[in-house]
Structures are given as structure tokens and as C-alpha cells.
Amino acid sequence: MRGLRRSFQFIPANNPGMLMSADLLGADAVIFDLEDAVALTEKDSARDLLIAALQTFPYEELETVVRINPLDTPYGEDDLTALCRERVDAIMVPKATVQSMQRALEVLHRLGYEGSVLPLIETAQGVEEVREILSLDPLIDGMLLGAEDLTSDLGVARTKKGHEIDYARMRCVTACKAQKVTCIDTPWTDAEDLAGLKEDVLYAKSLGFAAKSSINPRHLEVLHEVFAPSEREVVYALRVMEAQDLAQQEGKGVFSLDGKMVDAPIIARAKAALTLAQALGLVKEGEYLGK
């Protein structure tokens, strides 16, 4: 299923309990992790367990994503070969570069895969190549920024303020906006610091992100709160569209609202806010229903 894309919850593919309850967590999407969450000695058994779960549980209300192992390991291509036969909405390719994505796409096309592909940008090379990566294939309809591996590759400390990944965040957002694909922010790694999480999500949103990954289900409520349009945004968007309709009826090409000229970018933002608000059930027949 592909619907809203605000939250992407990581789930270890070797955890039977979490596989069983994945669709109860409330995330828009789950990322079944075959890479970092699984020890080398459990790679094959985790893949088998995940395939059994995909065949057993419907997961009808969320988007299913699988993070495979890197293709330069003995497990990556086996992951692709096995998962392409299952009902998986998206494949996430770690340590994405132009070269690794080309290899992954070659295998996926050979196997007849038609779902989404999400590169995981988590190296300096990946950051520099992100625009080219996103333009490689129409199957690529989003990307995830991975700050933990990226800061390790950069040789810098990962901090809560996150200034060390400002360049990577902006480069990824700009590339995604240019390609019109989903840009997913890196997870917040402190399970207990919900205030810090909210500050981080608000900052990511201010940069242009509309989605974020999570490693703790407790974080999902904050993600959904921040990425939902506020009452003020929705009410203003409704007023913009009402004023536009009135201007068109009066034969006016331009119009103002609250003493300010309303131009095409403002109308576009209003339409985007209302589209999301309607998907969340916050608006019906031109009226704000509240949360």
C-alpha cells in the first residue's frame, strides 16, 4: 500500500513479535531491516522469517519497505532475489551511490520488480551524487538520509543539534524537490528525549522535509503532529482558495488577502496544505474539522 508518507518506522526483520505487530504501531510505513539490525550469523534466517511474515500478515494499512544488505556483501543480491517475489511496496538500498544503485536496479529490472526503490544516502559520496542517483530510474520515488553512518564517514561527531548534517539535509531536500520525490529525514536516536525530537522534526520540516524515519514507535505521535498542517495553516489555505474562486468569478487575474498580494507560490502552498489536510480528515467540504 502507498498512502501518506510522514513516518517510516524501522523494525528488525529478526524480531517475530515486531513483525506480527507492525501494522499496529500507527506508522505510515515500516522499514523491515535486514541490515544493521541483524547479526551476520542471522542474515539468512532473518530473511526467511521476513518472507514468512509477508506471506502471513496482510499489512494492508501501511507501506512495506525492506532495507536490504549492501550489494557488496554476500547477502544483498540474495535479499533482492527473494524479496522481488513477495508483496513488498519498496526496496531500500543502503550506502547508495550511483554505482551501487545502478547494480541494484539492474537486478531488480531483471527480476521484473515494479515497486518503489528508495536509496539510503549515508556516505559523503552518496550526498554528492544524490541528484544523479534520484534521476537514475522512475522506480526511485524517494530517499532516506542516514546521519549515523554519514557522520562516521565524515569523521565528525553526531550531535542533537545536527548542524554537522545541515549541508547533507539541504542537498537531499533540494534534489528531492527537483525530482518531485519523497525526502525522508534521518531518525532521532534518543528514545527518551521527546522534546528534543520535536525540535528536530520542526527543524527538518523548516528545511523542506515532509517525512522522517523512526527507530522507536513512541516517536510516531510527534512526527504525525509536526507533519500535519496546523489549524492556522488550514484555515488560511481555505481562505486563499475561497478568495481565488471569488477573484475568478469577478474576472480578476490577481487578488489580495489581508492586504497582501496572493501569487502562484502562495496558491500552490495552500493547495498542498489542503490536500494533506483532506487526507488526514481535517477538512471536509471546505471547512476545517479540527484534530
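This is a predicted model: local features need pLDDT of at least 70, side-chain atom pairs count only at pLDDT 80 or more; totals for chains, interfaces and linings use all residues.

Colleague: Which element supplies the largest share of the lining of the second largest pocket?

Modeller: Helix 7 does, with three residues. This helix spans 147–154, and strand 6 (142–145) likewise supplies at least two lining residues.

Colleague: How many residues line the second largest pocket, and which lie nearest its centre?

Modeller: The lining comprises 16 residues, and those nearest the centre are Phe-10, Asp-36, Arg-67, Glu-148 and Pro-187. The volume of this pocket is about 210 Å³. Sorted by class, its lining holds seven nonpolar, three polar and six charged residues.

Colleague: What is the volume of the largest pocket?

Modeller: Its volume is about 1000 Å³. Two or more lining residues come from each of helix 8 (166–179), strand 7 (182–185), helix 11 (231–249) and helix 12 (264–279). Helix 12 contributes the most, namely seven residues.

Colleague: Which residues lie nearest the centre of the largest pocket?

Modeller: They are Ala-210, Arg-269, Ala-272, Ala-273 and Leu-276, out of 30 lining residues.

Colleague: What does the lining of the largest pocket contain by class?

Modeller: For such a count, Ala and Leu are among the nonpolar residues, Arg is among the charged ones, and Gly is placed with the polar ones. In the largest pocket, the lining has 17 nonpolar, four polar and nine charged residues.

Key
Residues are numbered from 1 along each chain as its sequence is written. Side-chain values use heavy atoms; hydrogens and water are left out. On a 1 Å grid over the protein atoms alone, a cavity is a set of points where a 1.4 Å probe fits but cannot get out, and a pocket is an open set with protein on both sides within 12 Å along at least five of seven lines; lining residues have an atom within 4 Å of a point. Grid points are joined across faces, edges and corners, and a volume is the space filled by probe spheres set on the points. Helices (H or I, at least four residues) and strands (E, at least two) are DSSP runs, numbered from the N terminus.
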